[in-house]
Amino acid sequence: MTISVSHRVPVSLGDRSYDILIQPGILRQIGQVLQGMGCSGRVAIVTNPIVEKLYGRLVRRALTQAGFSPFVIIVPDGERAKTLPWLAKILDALVAHRVERQEMILALGGGVTGDVAGFAASVYLRGIPFVQVPTTLVAQVDSSVGGKTGVNHPHGKNLIGAFYQPQIVIIDPQVLHTLANRQWIAGLAEVIKYGMIADKQFFQYLEQHVEGLRARAEDVIPHVIQRCCQIKAEVVAGDERESGRRRILNYGHTVGHALESWGHYKKWIHGEAVGLGMIQEASMAQYLGLCSKHVIESQDDLIKRVGLPSTMPQLKFTDLWQAMQHDKKVVKGHIHCVMPQQIGDVRVVPLVRQSIRKWFSCQQSAALNVTKASGKLPPRSQRVKQK
Ligand SMILES: NC(=O)c1ccc[n+]([C@@H]2O[C@H](COP(=O)([O-])OP(=O)(O)OC[C@H]3O[C@@H](n4cnc5c(N)ncnc54)[C@H](O)[C@@H]3O)[C@@H](O)[C@H]2O)c1
Ligand SMILES: [Zn+2]
């Protein structure tokens, strides 16, 4: 039986092609969707306790009604599920249930669950079918699409993994209503990123729908998810393994990742750090003469209006630089940074320490001048001498 969906986005990758289905309420029809693809048998649902409690029963019932035999593998909430020990536990459960090569793993949850479940699917029996059912905004617009799977290493995030595409991505925007507000707003940073890197019209749509975005309006969200998925699908189809254009998806992430690491992954959640990263990277682009002040002002204004943090912490250049070194995008001492030229148009620029250092100092003195002009000196702790 074919299900009618309001939005269907194809991801064209030859024999690894798949569809992204976006439809409010589709969770209830998930069994029929998978049946329509010719699947049958057992389904290993990988999820966490929070999502299991909210949607586990609904998904299991929908699968059972369509003739599947689902069973659940629970991983912990949060980043600690994205580790080798938890990957091993998922594999143990698959072995214990004697899951066979044609049976499938269904990732039900946010980016953490999707990343670790997808990696398990890529290595168990050298690869079994894998279905993404993302339940956070970050996962619906970003992590569930494109086939990056993996776990963290004690020395860095996402250091171990594989490119492994799902068979299908099933998105139910209704599940976003239970998401904590902080998680919701953080996801909006990735949404704004798509406008900045690829689509000025979409950026303008976001500017015009800030209230709807903040309120998770039903007439706004499915369209927003669809456009983000289309952009990601188009970029991934052209460069599946990130040897070129796919790098543009890292806009805001060079500084963003550095800030996350500097804050020990506690100060900001990912999307918040990406929002700050976009503000900083756009400022760098303006300093290098790549984009106008207007571009920066529009972007920063939207970031603030959706409720994302916009104030940079007081940090030393050496701390920032050191944190940036851990980024996988560092090649032979050059940091490959995505810089906006116009809204909807970015390019990748290799930068050396010296140019980032100059921009940083210049920005610091500008901040100091603003404070002086307002008649206030920054607190002593903030008047750090840069090394
Ligand atoms: N593979 C990729 O291409 C890619 C891209 C971006 C991010 N990521 C990864 O994704 C992870 C971040 O993903 P995330 O932001 O979804 O975090 P997450 O998976 O930790 O989810 C955030 C929180 O929301 C909860 N949650 C999930 N769905 C919910 C719902 N519908 N209602 C209520 N609560 C819900 C989760 O239990 C968790 O506490 C990081 O590990 C990051 O590295 C991967
Ligand atoms: Zn991101």
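**Entry 1**

I note here that the model is predicted. I then looked up which residues make the contact, and found 18 residues from domain 1 and 13 residues from domain 2. On the side of domain 1 that touches domain 2, strand 1 (7-11), strand 2 (18-22) and helix 5 (137-143) are the elements that give two or more residues. I sorted that side of domain 1 by class and got 11 nonpolar, 5 polar and 2 charged residues.

**Entry 2: the chain as a whole**

I counted elements next: the protein chain has 14 helices and 12 strands. The C-alpha trace spans about 70 × 40 × 35 Å along its principal axes. I find 44% of the 387 residues counted as buried. For contacts with a separation of 6 or more, I noted that 74% come from residues 24 or more positions apart.

**Entry 3: the nonpolar core**

I looked up the largest nonpolar core, which holds 109 residues; I20, I30, I105, L106, V116 and I170 touch the most other members. Helix 6 (residues 181-198) supplies the largest share of this core, 11 residues. Domain 1 (7-179) and domain 2 (224-237 + 249-382) each put at least three residues into this core.

I followed I20 further. Leaving out residues up to four places away in sequence, I20 touches V9, V11, V145, V169, I171, C229 and A233.

**Entry 4: ligand 1**

Which residues are the closest to ligand 1? I find 29 residues around ligand 1, and the closest are G110, G111, V112, T136 and S143. The elements that give two or more residues to this shell are helix 2 (49-65), helix 4 (111-123), helix 5 and strand 8 (156-163). By class I get 8 nonpolar, 14 polar and 7 charged residues in the shell around ligand 1.

I also cross-checked helix 5. Helix 5 is listed in the shell around ligand 1, and helix 5 (137-143) is also listed on the side of domain 1 that touches domain 2.

**Entry 5: positive phi values**

I looked at R216, where phi is near 55 degrees, a positive value in a residue other than glycine. R216 sits in the loop between helix 8 (210-214) and helix 9 (221-238). I put R216 down as partly exposed because it has 17 C-beta neighbours inside 10 Å, and a residue needs 20 or more to be buried.

Y265 is not a glycine, and I read a positive phi of about 60 degrees for it. Its place is the loop between helix 10 (253-262) and helix 11 (270-287). Y265 has 15 other C-beta atoms within 10 Å, so I list Y265 as partly exposed.

**Entry 6: L315**

Is L315 buried or partly exposed? L315 has 15 C-beta neighbours inside 10 Å and therefore counts as partly exposed. I located L315 in the loop between helix 12 (293-305) and helix 13 (317-325). L315 touches W262 and L320, with residues up to four places away in sequence left out. I also took the C-alpha separation of L315 and D301, which are 14 residues apart along the chain, and got 23 Å.

Note on methods
Residues are numbered from 1 along each chain as its sequence is written. Chains are lettered from A and ligands numbered from 1 in the order in which they are written. This is a predicted model: local features need pLDDT of at least 70, side-chain atom pairs count only at pLDDT 80 or more; totals for chains, interfaces and linings use all residues. A nonpolar core is a set of buried Ala, Val, Leu, Ile, Met, Phe, Trp, Tyr and Cys residues joined through C-beta atoms within 7 Å. A residue is buried if 20 or more other C-beta atoms lie within 10 Å of its own, exposed if 12 or fewer, and partly exposed in between; C-beta atoms are placed from the backbone. Helices (H or I, at least four residues) and strands (E, at least two) are DSSP runs, numbered from the N terminus. Domain bounds come from an automatic or database domain assignment. Two residues are in contact if their C-beta atoms, placed from the backbone, lie within 7 Å. Ala, Val, Leu, Ile, Met, Phe, Trp, Tyr, Cys and Pro count as nonpolar, Asp, Glu, Lys and Arg as charged, and the others, Gly among them, as polar. A residue is near a molecule or strand if its C-beta atom, placed from the backbone, lies within 6 Å of it.
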